[in-house]
Number of protein chains: 2
Amino acid sequence: MPVVISSTKKQILNAARNFFRERGYAATSMREIAKEVGVEPASLYSHFKSKEAILQYICFHIADEFFEMQEPILNSVSNPIEKLKRLVTGHINVIIENLEASSVFFNEWCYLKKSELKKFAEMRERYERGFRNVILEGITSGDFRMMDVSFTVRLLFSVMNGIHEWYKISGKVTPDEAGEKMSEFILNGLAIK
Amino acid sequence: MPVVISSTKKQILNAARNFFRERGYAATSMREIAKEVGVEPASLYSHFKSKEAILQYICFHIADEFFEMQEPILNSVSNPIEKLKRLVTGHINVIIENLEASSVFFNEWCYLKKSELKKFAEMRERYERGFRNVILEGITSGDFRMMDVSFTVRLLFSVMNGIHEWYKISGKVTPDEAGEKMSEFILNGLAIK
DNA sequence: CCTACCGATCGGTAGG
DNA sequence: CCTACCGATCGGTAGG
């Protein structure tokens, strides 16, 4: 059942995503967002009850996208290597298709209020567990080296998430090529064996 | 020639580094910094001419540390693999020994004023070039696979820089062990060959 | 969705 | 390094 969302609300979210990414949450004022949308500052409050509520919407909405991508892959039957490749490609595709929201998700989540911060941490833990399990499967199956799984998953997320800072939609590398190259980096590294 | 720096100035920098990392530059007020140091807000301005000047000091000071680490390694005669290992370990050691400053360097540089932003970008470009050249050397020598060097260097920096977000001084992984594990990840990846 | 407005807080300065 | 203070801007509300 699709959630109906007014055109003005969409515009507010769009403006907020851009400003929050560009200048940061704390440095963005409700007045700037209102001006961009073309309404008076007070009018924003008939769509969101606070500035932080806008941030909430952005962060949890993009989180849904990550889970919707992850679940079918985790439940598929492919081997660990194939599974990891698909997760990596899926993850960076979500980022690339939502560059502004992803940047806010990665960099501005800390401005969520306490109760939401807790939900946020639990969600991230659940998502990361999916990746950890695939790596464990791969070690068990003999496809992956023995390694410190927690440490490695953090490296994995660093590589994948970093892409939001430098990927250019207009560049010559398509999202799928980026997934290919990144998977090669993650699976085989730089050195010739 | 060591630059003499007053005890109060040091305290201001320390408080600023902590607050800028914890809440972000924009969300930190001069009043909070002053309170932490134990002086009146107005007194900060006899040490720094503006809030942004504090940010400048933090960003460019830690940048010096990165260059001081990099230069001798680039000029050493070790082979590309050894060189890259030492650069990786050196880079993350600078981060780990300066977690607050590094976080500010990576996340808050965008609040520098325009003229400083330009210097900052040039500096970063020069530093990254050092890494790119080592990878090029490695491809030429046959130690590294053929690859998209620009793309790979971005992945490399993502892996290395990400550590400032999750490394715990109190954890069981020492800085040198972290360098070892990270180099293994970068050079050989997850898969068994 | 607007007008009108609130109290709080901001970075920074004058002058000592 | 302090007292005293500035104009600007902030998130948000009342009431229509």
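Student: With which residue does Asp148(A) form a salt bridge?

Tutor: Side chains of opposite charge can pair when their charged atoms come close. Here Asp148(A) forms a salt bridge with Lys181(B), with 2.7 Å between the closest N and O atoms. The term requires a side-chain nitrogen of Lys or Arg within 4 Å of a carboxyl oxygen of Asp or Glu. The model is predicted, local features need pLDDT of at least 70 and side-chain atom pairs pLDDT 80 or more, whereas totals for chains, interfaces and linings use all residues. Residues are numbered from 1 along each chain as its sequence is written, chains are lettered from A and ligands numbered from 1 in the order of writing, and side-chain values use heavy atoms, without hydrogens and water.

Student: How many salt bridges does the rule find across the interface of chain B and chain A, and what is the count over all chains?

Tutor: Four salt bridges cross the interface of chain B and chain A, and the count over all chains is 20.

Student: How many residue pairs are in polar contact between chain B and chain A?

Tutor: A polar contact is a pair of N or O atoms within 3.5 Å; within protein, one must be able to donate a hydrogen and the other to accept it, and residues adjacent in sequence count only if both atoms are side-chain atoms. Between chain B and chain A there are 18 such residue pairs, both residues being at pLDDT 80 or more. On the side of chain B that touches chain A, α7 (149–161) and α9 (175–188) each supply at least two residues. The greatest share comes from α9(B), with eight residues. By class, this side of chain B has 21 nonpolar, seven polar and eight charged residues; here Ala, Val, Leu, Ile, Met, Phe, Trp, Tyr, Cys and Pro count as nonpolar, Asp, Glu, Lys and Arg as charged, and the others, Gly among them, as polar.

Student: What is the extent of the interface, in residues and in buried area?

Tutor: Contact (heavy atoms within 4.5 Å) joins 36 residues of chain B to 36 residues of chain A. The buried area, that is, the accessible area (1.4 Å probe) lost by two parts on being put together, summed over both, is about 3,400 Å² between chain B and chain A. Carbon and sulfur atoms give 69% of that area.

Student: Which residues come nearest to DNA strand C, and which are closest to DNA strand D?

Tutor: A residue counts as near a strand if one of its heavy atoms lies within 4 Å of it. DNA strand C has 15 residues around it, and Glu40(A), Ser43(A), Met30(B), Arg31(B) and Lys51(B) come nearest. Sugar and phosphate make up 51% of the atoms of DNA strand C that come within 4 Å of the protein. DNA strand D is surrounded by 15 residues, the closest being Met30(A), Arg31(A), Lys51(A), Glu40(B) and Ser43(B).

Student: Where do phosphate oxygens of DNA strand C meet side-chain or backbone atoms?

Tutor: An N or O atom in the side chain of Ser43(A) is 2.4 Å from a phosphate oxygen of DNA strand C. For Lys51(B) a backbone N or O atom takes part, at 2.8 Å. On DNA strand D, a phosphate oxygen lies 3.2 Å from a polar side-chain atom of Tyr45(A), and another contact, at 2.7 Å, involves a backbone N or O atom of Glu40(B).

Methods:
Helix = DSSP H or I, 4+ residues; strand = E, 2+ residues; numbered from the N terminus.
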